[in-house]
Amino acid sequence: MAKLDRVIETSLYVNDLERAARFYEDVLGLPALTADSRFRAYDVGWRSVLLIFLRGATLETVHMPGGTIPPHDGHGPLHIAFAIPADELPDWEQRLDEHGVGIEGRTKWARGGVSLYFRDPDRHLLELATPGLWPIY
């Protein structure tokens, strides 16, 4: 049977694209790959891309020279986790504090990993996770 290799894109939908861009670029330090009036694409490492779409801006088929992208959208607070090295956890806690981002939760997992939970400006639940969270991470 054919096998999936990995998730290469993850999407969040936001009400204010510029506000979201400032958060993901300034607070999380993600480098932008490309952008237009509908979305921003960010390099999150290890050949993974975070797509931030303006809510409602992708309800029509997008026609491009190479084909089409079907409509999509999302509502409500979603959750994504970012992998970080264990020794950088204190640096991230300090960075979030410096940007006024409150930590909503902290979990120490049985395998030894630690997760910090916080919100982006659109109330999506973001997680920073150190190794030891899953059998594969």
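These notebook entries record what I looked up on the nonpolar cores and salt bridges of a predicted model.

**Basis.** I number residues from 1 along each chain as its sequence is written, and I use heavy atoms for side-chain values, leaving out hydrogens and water. Because the model is predicted, local features need pLDDT of at least 70 and side-chain atom pairs count only at pLDDT 80 or more, whereas totals for chains, interfaces and linings use all residues.

**Entry 1: nonpolar cores.** I took a nonpolar core as a set of buried Ala, Val, Leu, Ile, Met, Phe, Trp, Tyr and Cys residues joined through side-chain atoms within 4.5 Å. Buried means under 20% relative accessible area, exposed over 50%, and partly exposed in between, with a 1.4 Å probe and protein chains only. The largest such core holds 25 residues. Those with the most contacts inside it are Phe 23, Tyr 24, Leu 28, Leu 50, Ile 52, Phe 118 and Leu 126. I then checked which elements supply at least two residues each: β1 (9-14), α1 (17-27), β4 (49-54), β7 (79-83), α2 (89-98), β9 (114-119) and β10 (125-129). Helices (H or I, at least four residues) and strands (E, at least two) are DSSP runs, numbered from the N terminus. Helix α1 gives the largest share, six residues. Apart from this core lies another, of five residues, including Tyr 13, Phe 39, Leu 51 and Phe 53.

**Entry 2: Leu 50.** I listed its contacts (heavy atoms within 4.5 Å), not counting residues up to four places away in sequence. Among the residues touched by Leu 50 are Thr 10, Leu 12, Tyr 24, Arg 40, Ile 80 and Phe 82.

**Entry 3: salt bridges.** I required a side-chain nitrogen of Lys or Arg within 4 Å of a carboxyl oxygen of Asp or Glu. The count comes to seven salt bridges. In one of them, Glu 93 pairs with Arg 106, the closest N and O atoms being 2.5 Å apart. Glu 93 is in helix α2 and Arg 106 in strand β8 (residues 105-108), 13 residues apart. Glu 93 is partly exposed at 29% relative accessible area, and Arg 106 is partly exposed at 49%.

**Entry 4: the Glu 104 network.** Which residues do salt bridges with shared partners join to Glu 104? Glu 104 meets Arg 119 at 2.9 Å, N to O. Glu 104 lies in the loop between α2 and β8 and Arg 119 in strand β9, so this pair ties together parts 15 residues apart in sequence. Arg 123 also meets Glu 104, at 3.6 Å, N to O. Arg 123 lies in the loop between β9 and β10, 19 residues from Glu 104. I therefore record Glu 104, Arg 119 and Arg 123 as one network, given the salt-bridge rule.
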